[in-house]
Amino acid sequence: MQSKRIIFLADMQSFYASIEKAANPSLQGKPVVVAGDPERRSGVVLAACPIAKSYGVASPEALWQAQQKCRDLVVVKPRMEMYIRASLQITRIFESFTDLVEPYSIDEQFLDVTGSLSLFGDPWKLAETIRERVRLETGVICRIGIGENKILAKMACDNFAKKQEKGIFWLEKEKLHDTLWPLPIEKLFGVGSRMKRHLHMMGIYRIGQMAEMSPAVLTRRWGVNGEVLWRTAHGLDDSPVSPKTHDLQKGIGHHMTLPRDYHTAREIKVVLLELCEEVCRRARSKQLMGGVVSVGCRGADFDTHTGFWRQMKLDDCTNDAMTLYKAVCRLFERYWQHTPVRSVGVHLGQLTEDDVCQLDFFADKERQRSLAYVMDSIRAKYGNAAILRASSLLSAGQAQERARKIGGHYK
Amino acid sequence: MIDKQQVTQTDNERWLELLRECILHGMLFKAAMWDLALLSRQPLKISYRAVLEDLSRWAEREHNRIKATLRQNGYEFAGTQKQGSFYAVRFRERGYYREAVYSIEVLRAECQKLVDRWVEQRREGSR
């Protein structure tokens with residue numbers, strides 16, 4: 001019996017662009033990007049195919065910048081429903097090799113294949129077979145990082161497999177000294193641009209330098225996160241590959257980047273109400289209510305971090321849009337500093353089942369609840385824009401535009 | 001670290017490729033006949049018929065040839081099913097039942113490529 005686990009992290013190459021190219025032979029051999037709205041020449045590049053990347057096009061960057069880099073760039077409108085379907089199809093392919101498949105994002109999935117090796121052969125052979133099946137059945141090329149845990153598999157994929165023609169790399173814990181440690185510190189999973197600045201100030205430039213430090217130094221500076229970084233540098237991770245990791249919902253939130261800066265409370269509240277509607281509709285669809293609401297607003301310059309993100313506890317758990325909206329407005333009025341807003345978000349946390357609720361002498365909760373469920377069923381049958389609040393028809397309203405999108409991108 | 005060069009295309013992968021080829025040719029010959037039936041109402045039906053019949057016959061021949069090769073090597077089709085936007089194919093691989101799930105949109109695109117290839121072959125044959 002093998003003592004070490006064998007974990008794969010499969011990452012799809014230029015996922016959205018690859019799907020578009022596979023579905024349309026006329027795009028073969030051309031530089032293709034999937035981006036915001038080609039007709040409006042707006043939005044950002046969501047995915048660029050390898051040919052487009054060879055011109056220096058990268059995601060995410062503004063579409064106009066990408067078009068300046070590559071004159072013949074073919075811009076394809078995103079089709080999020082199709083990408084989600086393709087992701088599910090890939091999960092199904094993976095599930096024919098192991099039942100332990102954990103989607104990490106739309107284009108990345110973890111597989112624990114420890115128990116499958118006796119049937120399918122050694123990890124290299126299995127990885128190659130999986131890659132081939134994904135290519136033949138979906139037209140997408142995937143890269144596979146192999147490790148004895150999730151963190152090693154992820155770093156094997158990001159730092160090595162993606163850069164190799166074969167698209168497969170096995171990062172072994174015993175050989176980290178020669179493979180992972182010479183890399184710059186920002187290549188360590190969990191180190192972003194801000195963390196990199198802090199680490200550089202501490203004189204840590206390579207992953208090996210962090211690995212050789214005492215974990216106590218990092219813990220003193222960043223608490224538990226410091227220890228996690230040290231463990232990551234040593235390739236230590238005990239977390240299992242959990243297929244049901246996304247089943248347990250802790251909160252429901254929606255966020256929206258606005259097409260322009262909103263300056264007045266009147267305009268911003270229109271969008272906040274629309275977000276409350278969406279959050280509550282999702283909560284109702286899962287028969288859940290929330291007891292804590294959070295609201296966030298940010299300015300157009302994301303680097304300077306203007307805005308706020310605050311939360312408050314509600315008197316009673318709710319999934320009623322107007323009740324949530326009143327609480328959201330209280331938070332907003334208290335913390336908004338009259339600066340321009342470019343992105344807003346509403347989140348409902350501390351979720352409970354919605355089959356028991358506190359009744360109220362002065363409000364007809366039953367009626368509100370029935371009305372909300374009727375509106376939900378109309379939207380489910382005729383589309384999200386089938387029934388709207390009058391305020392959404394104002395110039396600030398985004399509900400109609402959002403009804404055509406999934407996750408902020410066109411369906 | 002294990003040398004990546006050790007990984008080569010295995011027999012299994014070659015058979016998977018052949019399996020897809022078989023499915024694509026099978027779809028193409030049926031699609032060509034379907035299109036022919038639709039075009040039979042058009043005024044230029046006689047001109048279209050020869051081309052589409054030729055294409056369908058070629059695709060069917062290829063389909064049967066590949067199917068026979070697969071069968072000789074222990075691969076047998078056990079059934080196909082359209083599942084929403086997927087096309088699921090069940091087959092038996094040396095005694096084991098397996099499933100391949102293709103994207104219909106990708107299969108359609110691949111069929112287009114096959115037609116292009118066929119046109120190219122015909123052009124070369126007529127030279």
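Colleague: Which side chains meet Arg92(A) in a salt bridge?

Modeller: In this predicted model, Arg92(A) pairs with Glu99(B), with 3.0 Å from N to O. The rule finds three salt bridges across the interface of chain A and chain B.

Colleague: And how many residue pairs are in polar contact between the two chains?

Modeller: The count is 10 residue pairs, both partners being at pLDDT 80 or more. As for where chain A touches chain B, the elements that give two or more residues are helices H1, H4, H5 and H6 plus strand E8 of chain A. H6(A) gives the most, with 10 residues. Sorted by class, that side of chain A has 11 nonpolar, eight polar and 12 charged residues.

Colleague: How do I read the extent of the interface? What area is buried there?

Modeller: About 2800 Å² is buried between chain A and chain B, and carbon and sulfur atoms give 59% of that. In residue terms, 31 from chain A are in contact with 28 from chain B.

Colleague: Where does His254(A) lie, and what does its side chain make a polar contact with?

Modeller: His254(A) lies in strand E9 of chain A, residues 251-262. Its side chain makes a polar contact with the side chain of Glu278(A) at 3.3 Å. Leaving aside neighbours within four places in sequence, His254(A) is in contact with residues including Leu275(A), Arg282(A), Val344(A) and Arg402(A).

Methods:
Residues are numbered from 1 along each chain as its sequence is written. Chains are lettered from A and ligands numbered from 1 in the order in which they are written. This is a predicted model: local features need pLDDT of at least 70, side-chain atom pairs count only at pLDDT 80 or more; totals for chains, interfaces and linings use all residues. Side-chain values use heavy atoms; hydrogens and water are left out. Helices (H or I, at least four residues) and strands (E, at least two) are DSSP runs, numbered from the N terminus. A polar contact is a pair of N or O atoms within 3.5 Å; within protein, one must be able to donate a hydrogen and the other to accept it, and residues adjacent in sequence count only if both atoms are side-chain atoms. Contact means heavy atoms within 4.5 Å. Buried area is the accessible area (1.4 Å probe) that two parts lose on being put together, summed over both. A salt bridge is a side-chain nitrogen of Lys or Arg within 4 Å of a carboxyl oxygen of Asp or Glu. Ala, Val, Leu, Ile, Met, Phe, Trp, Tyr, Cys and Pro count as nonpolar, Asp, Glu, Lys and Arg as charged, and the others, Gly among them, as polar.
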